[in-house]
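These are my notebook entries on one structure. I wrote down what I looked up and what I found.

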Amino acid sequence: MHEWKDMDTNTFYFFRKEDGLIVGQVYNLAHTKIWGAKIPVNAREEDILGQYINIDFAKKAVEKYWDVQSRTLIE
């Protein structure tokens, strides 16, 4: 299960409730009305999902990414 956490007015983290691992981030671009969304891949890399017109679309992009990944089985 995942949940959003508001760390300050310009950044929101998407994390797993069972262990607190951050699996996504939504952030404001330079105090504008544009929001970015990204997914951490490992400690040194992240995937940028895109730039969005508001925070709701950015959050939905992160949630959709993990919804799709939860249906993918890699062995």
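Predicted model: local features only at pLDDT ≥ 70, side-chain atom pairs only at ≥ 80, totals over all residues.

Entry 1, Lys38. I number residues from 1 along each chain as its sequence is written, and side-chain values use heavy atoms, with hydrogens and water left out.

Next I looked for the salt-bridge partner of Lys38. The side chain of Lys38 meets that of Glu46 at 3.2 Å, N to O. A salt bridge here is a side-chain nitrogen of Lys or Arg within 4 Å of a carboxyl oxygen of Asp or Glu. Glu46 is partly exposed, with a relative accessible area of 43%.

How many salt bridges does a search of the whole structure find? The search finds 5. One of them joins Arg71 and Asp67, at 3.0 Å from N to O. Arg71 is exposed at 65% relative accessible area, whereas Asp67 is partly exposed at 35%. I also noted that Arg16, Glu18 and Asp19 are joined into one network by salt bridges that share partners. Within that group, the closest N and O atoms of Glu18 and Arg16 are 3.9 Å apart. Glu18 is exposed, with a relative accessible area of 56%, and Arg16 is partly exposed at 27%.

I looked up the strand order. There are 5 strands in an open sheet, ordered β1-β2-β3-β4-β5, with antiparallel pairing. Strands (E, at least two residues) and helices (H or I, at least four) are DSSP runs, numbered from the N terminus. Two strands pair if DSSP finds at least two bridges between them. β1 (2-8) and β5 stand at the edges with a single partner strand each, so one side of each has no neighbour in the sheet. On average, neighbouring strands of this sheet are turned by 20° against each other, direction ignored. Axes are lines fitted to C-alpha atoms, for helices over the stretch in contact, and angles run from 0 to 180 degrees between N-to-C directions.

α1 packs on the sheet and touches β1, β2, β3, β4 and β5. The direction of α1 makes about 20° with that of β4.

I then checked two pairings. β1 and β2 run antiparallel and are joined by 6 bridges; His2 has Arg16 in β2 as its bridge partner. β4 and β5 are also antiparallel, over 6 bridges, and a hairpin of 5 residues joins β4 to β5. Opposite Gly36 stands Gln51 in β5.

Leu49 sits in strand β5 (residues 46-52) and is partly exposed, at 27% relative accessible area.

Gln25 lies in strand β3 and is buried at 16%. Leaving aside neighbours within four places, the contacts of Gln25 include Phe12, Lys38 and Val62.

Where is Asn28 placed? Asn28 is in strand β3, and at 12% relative accessibility it is buried. The side chain of Asn28 reaches the backbone oxygen of Thr32 at 2.7 Å. Beyond four places in sequence, Asn28 is in contact with Asn10, Ile34 and Trp35.

I looked up which members of the largest nonpolar core touch the most others. Of its 13 residues, these are Trp4, Phe12, Val26, Trp35, Ala58 and Val62. At least two core residues come from each of β2 (11-16), β3 (22-28), β4 (35-40) and α1 (55-70). α1 gives the most, with 4 residues. A nonpolar core is a set of buried Ala, Val, Leu, Ile, Met, Phe, Trp, Tyr and Cys residues joined through side-chain atoms within 4.5 Å. Not counting residues up to four places away, Ala58 touches Val26, Trp35, Gly36, Ala37 and Tyr52. In soluble globular proteins, nonpolar side chains tend to be buried together.

How values were computed. Buried < 20%, exposed > 50% of the residue type's maximum accessible area, 1.4 Å probe, protein only. Contact = heavy atoms within 4.5 Å. Polar contact = N/O pair within 3.5 Å; in protein donor to acceptor, adjacent residues only side chain to side chain.
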